[in-house]
Amino acid sequence: MTFRYLNALTNYYGISPYLNSENFPPYDTTARLAEGLAAALKAYGVPKYLHILIPFVVYSNERKVFDQRWLEYELLEKSHSTGVVTFEELAASVALNSDTRALRLTVSPALSPSGSQSTLEVSTVYFRAGYAPSDYPPSTHYTTRVTLERNRAIHCPTISLRLAGGKKIQELLSRPGVVKRFTRDANVQTVGTGTRDLRETWISMWSLDDPDLAVAPSDYSLRRSINKPRGTTLACALVDSLVLKPKREGGGNNVYKIYHRF
């Protein structure tokens with residue numbers, strides 16, 4: 001959507017004849033996200049008379065409110081109710097039905113169909129927060145997260161998908177012989193070219209505290225250090241060509257040329 005706005009505003013200063021509205025791809029990301037959440041609500045399976053809520057779990061000082069609003073409006077057009085809640089608010093308002101494992105949320109009159117404070121069942125939890133340890137400052141937030149996970153509601157994304165996006169999981173998958181446990185060529189019972197092609201798109205990753213490095217270049221003579229694990233020793237030797245990443249999801253927080261940190 002941004003590129004269409006910039007084109008209408010500036011015509012990209014005529015830098016290329018290809019930058020015109022006819023060549024721009026359709027922008028339907030928000031609609032597709034809304035369809036996915038609506039499909040989750042349908043898969044949850046509830047009677048039509050039961051009012052169901054899709055809460056957006058956000059930061060208390062949320063900055064990305066506008067893209068969330070577009071998604072909220074898309075869902076409202078499909079007659080699906082949403083609500084924006086923080087971990088602080090969830091700690092005091094969320095509960096688990098021990099018999100049905102349904103997740104229930106006490107909401108304000110503004111979100112209630114009755115116009116007064118009430119408790120609604122949650123079909124889908126849409127996480128826009130909770131991706132980093134800093135998102136759980138008090139221990140009560142972890143307790144709340146456990147409650148959000150131990151129920152029959154659908155989670156977007158799931159905790160397993162979040163872990164798969166973490167750098168530690170990516171490092172483990174990059175170790176020799178690991179990924180072939182999860183991939184097989186179509187109609188073939190053994191791992192073949194598909195796995196090899198996949199691995200060729202990766203770069204080497206290892207942990208600084210790895211005592212038995214499996215990804216060191218074969219032509220590099222790595223001397224063991226009494227005071228440092230092999231992972232740290234190799235990183236010190238190749239520091240100018242490496243990127244240090246924390247054990248978190250996403251592509252941010254990169255540190256370059258970090259020799260002085262070891």
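When I call a residue buried, I mean that its relative accessible area is under 20%, exposed means over 50%, and partly exposed covers what lies in between. Please keep in mind that what we have here is a predicted model, and that I will talk about its salt bridges, of which the count comes to 9.

Let me begin with helix α2, which spans residues 29-44. Here R32 forms a salt bridge with E35, and the closest N and O atoms are 2.4 Å apart. The two residues sit 3 positions apart in that helix, which means that about one helical turn separates them.

Now, which residue does E121 meet in a salt bridge? The partner is R152, with 3.4 Å from N to O, and this pair links distant parts of the chain, 31 residues apart. E121 belongs to strand β5, residues 118-122, whereas R152 lies in the loop between α5 (139-149) and β7 (154-156). E121 has a relative accessible area of 9%, so it counts as buried, while R152, at 33%, is partly exposed.

Finally, I would like to turn to R175, which forms a salt bridge with E171, the closest N and O atoms being 2.8 Å apart. In this pair, R175 is partly exposed at 29% relative accessibility, whereas E171, at 4%, is buried.

Key
Residues are numbered from 1 along each chain as its sequence is written. This is a predicted model: local features need pLDDT of at least 70, side-chain atom pairs count only at pLDDT 80 or more; totals for chains, interfaces and linings use all residues. Side-chain values use heavy atoms; hydrogens and water are left out. A salt bridge is a side-chain nitrogen of Lys or Arg within 4 Å of a carboxyl oxygen of Asp or Glu. Helices (H or I, at least four residues) and strands (E, at least two) are DSSP runs, numbered from the N terminus. Buried means under 20% relative accessible area, exposed over 50%, partly exposed in between (1.4 Å probe, protein chains only).
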